[in-house]
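Subject: Structure handover

Hello,

Here is the structure you will be working with. Please open it and keep it beside this email while you read.

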Amino acid sequence: MLRKLGQSQNRLAWCITGAGHHLFESIEVMEELLAKGHKITVFISQAGLEVVRMYGLEKRLRAIANGSYYRELITPSNGVSCSKAGRLLIGMYRALIVSPATANTIAKIVRGIADTPPTIAAAQALKGGVKVIIVPTDIEPEYETEIPHIVDRAICEKYRCLECRPLFSCPTGAFELIEQLGHINLSKCIGCSACVNACPKEAVKFRVKVKAKSSPIDLENVRRLMSIKNVVVLRRPREVLREVEA
């Protein structure tokens with residue numbers, strides 16, 4: 001295979017799916033790998049694009065995948081066939097990383113479904129014998145995660161400000177008033193935190209930690225994933241650094 005010629009040693013493919021869990025750490029690890037001389041091609045789903053945007057990470061992602069050779073950002077708009085995933089079939093990457101990997105993406109990989117850039121890339125990597133490193137969001141029965149921007153309506157209702165400063169600070173119109181209380185339309189949010197900085201009552205929150213539970217079927221799919229040849233399942237994105245160098 002072409003990767004045996006040493007051409008792929010500094011090339012990595014990275015898939016991002018629609019989860020906020022592990023997202024900040026995934027971006028940080030990608031930046032570290034880039035600083036070490038790796039080229040990273042990013043395959044991202046539509047949901048992944050939306051989540052990256054609402055967490056305010058789009059600018060950092062586009063700096064990683066800046067459009068230069070083997071540093072492309074492959075989105076659904078690049079075509080349904082996702083032709084650049086074919087590079088994985090012929091071994092042009094050292095490894096494929098999927099982080100964060102949603103329960104939906106894990107289910108598709110386990111069942112051989114390839115209908116998004118990340119799942120198509122994973123299918124091509126498995127066919128080409130390329131190592132696939134996956135960090136599932138739902139690997140533990142319970143876990144702590146961070147949510148995007150949200151308005152604490154109890155605080156908002158307590159003060160009922162005559163002038164809502166976050167409403168006028170939002171550059172995209174994502175901040176709205178519903179029944180005279182603040183609300184954030186995440187489909188419009190770009191994660192800039194202007195609303196957080198503008199609210200004098202601290203009613204707007206970002207990256208609040210919450211508890212989540214994995215369903216039994218999601219945990220079973222992760223167990224099935226572990227049995228697939230050339231697949232390595234990790235618990236944290238930071239573990240990718242060690243695995244890539246192995």
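Is Thr119 buried or exposed? At 1% relative accessibility, Thr119 counts as buried. Buried means under 20% relative accessible area, exposed means over 50%, and partly exposed lies in between (1.4 Å probe, protein chains only).

Some ground rules. This is a predicted model, in which local features need pLDDT of at least 70 and side-chain atom pairs count only at pLDDT 80 or more, while totals for chains, interfaces and linings use all residues. Residues are numbered from 1 along each chain as its sequence is written, and side-chain values use heavy atoms, with hydrogens and water left out.

**Thr119 and its helix**

Thr119 sits in helix α6, residues 117–128. Helices (H or I, at least four residues) and strands (E, at least two) are DSSP runs, numbered from the N terminus. Leaving out residues up to four places away in sequence, Thr119 touches Thr105, Lys108, Ile109, Ile113 and Ala114. Contact means heavy atoms within 4.5 Å.

α6 is mostly covered, with 9 of its 12 residues buried. Among them are Pro117, Pro118, Ile120 and Gly128. Now check the length. The expected span of a helix is 1.5 Å times one less than its number of residues. For the 12 residues of α6 that gives 16 Å, and the end C-alpha atoms are 16 Å apart, so the two agree. Gly129 follows α6 and has a positive phi, near 75°.

**Thr17**

Thr17 lies in the loop between β1 (11–16) and α1 (23–35). Its relative accessible area is 3%, so Thr17 is buried. Setting aside neighbours within four places in sequence, its contacts include Ser45, Gly48, Thr105 and Pro118. Thr17 and Thr105 are 88 residues apart along the chain, yet their C-alpha atoms are separated by 7.3 Å.

**α5 and α10**

The axes of α5 (residues 103–110) and α10 (residues 216–226) come within 9 Å and cross at roughly 45°. Axes are lines fitted to C-alpha atoms, for helices over the stretch in contact, and angles run from 0 to 180 degrees between N-to-C directions. The two helices are therefore oblique to each other. Angles under 35 degrees count as roughly parallel, over 145 as roughly antiparallel, 65 to 115 as roughly perpendicular, and the rest as oblique.

Which residues of α5 meet α10? They are Ala103, Ile106, Ala107, Ile109 and Val110. On α10 they meet Asp218, Asn221, Val222, Arg224 and Leu225.

Best wishes
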